[in-house]
Amino acid sequence: MSTKPGGELPPACDVVVIGGGPAGASVAALLAKQGVEVVLLEKARHPRPQVGESLIPHVWKYAEQTGAAPLIEQEGFVSKAGGITVWNGRIHRIAFAEFGFSRPALHVERDVFDELLLKHAESAGAQVFQQVAAQQAELGLDRPRVSYLDRRGGDAREGSLTCRVVIDASGSSALLAGQFKSKRLIDSRMRFLSLWGYFDNSRFVGADGRSYPAADIGKVRPVTFVTSFEDGWIWHIALRKLTSVGLVINTDRARAMDKAERERFFLDTLKRAPYLERLLESAEYVEDSFCERPDYSYYSTRLCGENFYCIGDAASFVDPIYSHGVLNAFYNAAMTALAVGESLKDPSRRARHAQLCESRMRQFYGFSRSLALGEFGGDGVDAELVRRFMRQVPKVELELMLAASTMSERSENFHRLARDAGLAPHAARAGAHFMEGLAL
């Protein structure tokens, strides 16, 4: 990957994007396509490990906007058929084919997927610099200044560049929210962390509720398989070569554990979890693949201003049970590219564009939060904004989310929001199918 391995950073540009994940790469591509001079700073070197391998069909319309859709198709990621959950012993399934999507949902290796998006941003015209970490953004100047640490070539060199707009897509490190002291963790009862790792040769679950050997992944479409257990829930996502398996648990459950203890807890839990022990019976755990991410479910109270935008995980994050992470990144990128592009053309309206963009992002956050956690009204969620968003969402997409929400018994409130919004989704499509059992 070229991405300026030894090139000098320019002293100035129109927009600095901090972070080269799906949100940063997408907004950089969209702005570069508009002719905006974009510099993207990524602290790591791609490909780099990342979690969040399940994508729902909604992502394609955003991938078309950025121009990345053909590249995603050519990569040949695993197409998935739907989802099956075992939640408190009750089994439900949804099938994407019943909702009329013309393109599949995917299981993607995030290191490959994210690098693909970053390369595409560069091919669209963005100047991409990897191993260059943004340290601070001074926003109170006529032109914002971003200070960085350039670690390319083994040495660490400090530098800075000025711009007209800073877009923070730095992920959970949330650079601007840290500067603003605006990052808020939600109610501790709903605060989670995730523990995950990868397995070789795991069986996977098909749409018919049967399990299949890993070698059949190119012949039978898998589902994303989720099961609850006494401390949280578990995902099982079959990829082309490996399988991603992770726990989402309340932070309090693992607070006193060090990393080695958490890894043992992770592996022991999988051995005891219903169905997982069968899927992993002949699988081999990939040593050194264990990862963890704390502080699931947070939000920032400041998202957009006249010369800054916070997008993707740098703006908010919720329990990812419904695969909304990458979708949130794409949606934020699309809204921000529109607002920034118009603001650069007519600076007199930049405050208004920032206000509208923030409102849209809060709508989406509230939608995801209400869907995933079954709660709203507080912790950064405005129920009226969620109802407005529901009225704007294409009917088929809302019905899929309503169906998905019934699978975890978390989202009675989510259905109530839809009713309060005056929506009458198709009764059959807005519910998941009950299954008597699985043949794993």
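A salt bridge here is a side-chain nitrogen of Lys or Arg within 4 Å of a carboxyl oxygen of Asp or Glu. All the views show a predicted model, where local features need pLDDT of at least 70, side-chain atom pairs count only at pLDDT 80 or more, and totals for chains, interfaces and linings use all residues. Residues are numbered from 1 along each chain as its sequence is written, and side-chain values use heavy atoms, with hydrogens and water left out.

**View 1. E384 and R388 meet in a salt bridge, 3.7 Å from N to O.** Both residues sit in helix α10 (residues 383-392), four residues apart, which is about one turn of the helix. (Helices are DSSP runs of H or I with at least four residues, strands are runs of E with at least two, and both are numbered from the N terminus.) Salt bridges that share partners link E384, R387, R388 and R391 into one network. E384 is partly exposed at 30% relative accessibility, and R388 is partly exposed too, at 41%. (Buried means under 20% relative accessible area, exposed over 50%, and partly exposed in between, using a 1.4 Å probe and protein chains only.)

**View 2. R103 forms a salt bridge with E64 and another with E73.** The closest N and O atoms are 2.5 Å apart for R103 and E64. R103 lies in the loop between β6 (90-95) and β7 while E64 is in helix α2 (residues 59-66), so this pair ties together parts that are 39 residues apart in sequence. For R103 and E73, the closest N and O atoms are 2.8 Å apart. E73 belongs to helix α3 (residues 69-75), so this second pair ties together parts that are 30 residues apart in sequence.

**View 3. Three strands make an open sheet in the order β3-β7-β4, with antiparallel pairing.** β3 (54-55) and β4 (78-80) are at the edges with a single partner strand each, so one side of each has no neighbour in the sheet. Three bridges join β4 to β7 (residues 105-107), and V78 has H107 as its bridge partner in β7. (Two strands pair if DSSP finds at least two bridges between them.)

**View 4. What about disulfides, and how many does a search of the whole structure find?** It finds zero, where a disulfide is a pair of cysteine sulfur atoms within 2.5 Å. Take C310: its sulfur is 7.2 Å from the closest cysteine sulfur, in C304, which is too far for a bond. C310 is buried, at 0% relative accessibility, whereas C291 is partly exposed at 25%.
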